Amino acid sequence: MKSGIDLAAMDTTVRPQDDLFGYVNGTWAAQTEIPGDRGRYGTFDVLREAAESDLRDLIEEAAAAEDAQAGTAKRKVGDLFASFMDEGRVERLGIDPVREDLDAVAAVQDKRELLGLLGRLQRHGVDGFVQVFVSTDDRASDRYVVYLEQDGLGLPDESYYREEQYADTRAAYLRHVAAVLGLAGVEHAEGTAGRIMALETRLAGFHWDTVTTRDAVKSYSKLTRAELADLSPGVDWAAWLEGLGAPEGSFDEVIGRQPTFLTGFSEVLDEESLEDWKDWLAWQVLHSYAPYLSADVVDEHFAFYGKTLSGTPQLRERWKRGVALVEQAIGEAAGQLYVERHFPPEAKARMQELVANLVEAYRRDFQSLPWMGQGTRERALEKLETFRPKIGYPDAWRDYSALTIEPDDLLGNVRRASAFETHRHLSKIGRPVDRDEWFMTPQTVNAYYNPGMNEIVFPAAILQPPFFDVEADDAVNYGGIGGVIGHE
């Protein structure tokens, strides 16, 4: 059995008692450059690039496969990637793929229509005034509930709209909005951008800051439909829900993560002019779909969100962005291909053994820790007994049969994939909790702990060196993936 330790990464000229990190990683750090299309780089990123490259090979094979029948997951993976990689078609179309949406915004006659269109566009992937997601109820994990999260801003959070340290970023954002509007043929783009910025600034005034939003108690307000209406009297929720295509009863009870924002949005919606809101919604369309339009729009989008905000020098190669779209839209279909080629059964078996040993170590600790009271000890052991590890990939793959993917309709694919996911999530309401669902794809180099289901999840792609090596000494695996397990 090999050691599993990468001696080439070490710098043995450094004394470990002086600088342990430098001793273990010094040569790697000195010889490794951050790629131009990344703002950071480490072991996770190295593995992510490897998984991305492996996935590219699989996707390109799927795109070229003559035996992949129409409607199959393999065909959809290949066709979605092909639609993104058809750069010539994307350039010929220019801004045309969003023209129908922009015309719909321009035709809105009143704020009820505006909210209905907001819902419809949000169903198809356009950012709205709230983010909608479905998860287990934080206070009743045996049921699903809809969560409403504050949204509507183009900058990362509310502090960017008020703090002096972000003055230059605000100016750059204003220029960016005007530039994209100009590319879309909007007249008086600079003045329109100014009104959009003013509206967003008002919305930002009602946003909770990041610290308060992290407060699990403050950010949990259970609201009936009637209470939601009372909290935000200016919002025609029925019109918005109809546009969103929400199943009957799915919003009978929601969790408002920032309830005062809902009141604030209602106030701003009532007080600001319909024309200003239409300008804002047109911007949401362009901003949300920018990565799938022609190069002039993509480059402008990246210049602000990549270079200015993230400090990333270079736009990622087109194939990498195409792989990312496949992962985002039909990730488990691609994951099925990845697992078949890159995750042997023996790796899953070894990982299950390792997790079982760590769980047993926790059990022994709980039984003997002197500072743990008897009641706490019993609850800890009870929770440990219901703890569930998930290794590698789901037992049942997600069904994408209802999703239509066309090889020559990039933005249509993006819209339909978003609508598919919106429907899939909202349809959970009222159903038993699916404890077999995964929230990461098998090709993801990461892991997570889900407290609502008391589960720890390790996708296949993280189960490789240096985190995990089926052929390496146990000590190395306990130090690598064992550390990740402990972290989660």
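**Fold, core and local geometry of the predicted chain**

Asn 454 counts as buried, its relative accessibility being 9%, and in this predicted model the residue lies in the loop that runs between strand 6 (448–450) and strand 7. The backbone of Asn 454 has a phi near 50°, which is a positive value in a residue other than glycine. A phi near 50°, again positive in a residue other than glycine, is found for His 188, which is placed in the loop between helix 7 (167–183) and helix 8 (189–204). His 188, however, counts as exposed, with a relative accessibility of 67%, whereas Asn 454 at 9% is buried. A further backbone feature is the cis peptide bond between Pro 465 and Pro 466, for which omega is about 5°; Pro 466 belongs to the loop between strand 7 (455–459) and helix 19 (474–487).

At the level of the whole chain, the secondary structure consists of 19 helices and seven strands. The radius of gyration is 25 Å, close to the 23 Å given by the globule rule for 488 residues, and the chain is therefore as compact as a globular protein of that length. Taken along the principal axes, the box filled by the C-alpha atoms is roughly 70 × 55 × 55 Å. Among contacts in the chain with a separation of 6 or more, 69% are made by residues 24 or more positions apart.

In soluble globular proteins, nonpolar side chains tend to be buried together. In the present model the largest nonpolar core contains 124 residues, of which Phe 129, Trp 240, Phe 458 and Ile 481 touch the most other members. Helix 15 (residues 318–342) provides the largest share of this core, with 11 residues. When neighbours within four places in sequence are left aside, the contacts of Trp 240 include Leu 115, Gly 116, Leu 118, Gly 119 and Gln 122, and Trp 240 is also in contact with Phe 129, Val 130, Val 132 and Phe 251.

Two further buried sites were examined in detail. Leu 293, in the loop between helix 13 (274–289) and helix 14 (295–310), has a relative accessible area of 2%, under the 20% cut-off, and is therefore buried. Apart from neighbours within four places in sequence, Leu 293 is in contact with Val 90, Gly 94, Ile 95, Pro 97 and Val 98, as well as with Val 298 and Leu 411. The C-alpha atom of Leu 293 is separated by 38 Å from that of Lys 390, a residue 97 positions away along the chain. Asp 45, located in helix 2 (residues 43–64), is likewise buried, with a relative accessible area of 3%. Beyond neighbours within four places in sequence, the contacts of Asp 45 are with Arg 38 and Arg 40.

Conventions. Residues numbered from 1 in each chain as written. Predicted model: local features only at pLDDT ≥ 70, side-chain atom pairs only at ≥ 80, totals over all residues. Heavy atoms only, no water. Helix = DSSP H or I, 4+ residues; strand = E, 2+ residues; numbered from the N terminus. Rg over C-alpha atoms; globule rule 2.2 N^0.38 Å. Contact = heavy atoms within 4.5 Å. Core = buried A, V, L, I, M, F, W, Y, C linked by side-chain atoms within 4.5 Å. Buried < 20%, exposed > 50% of the residue type's maximum accessible area, 1.4 Å probe, protein only.
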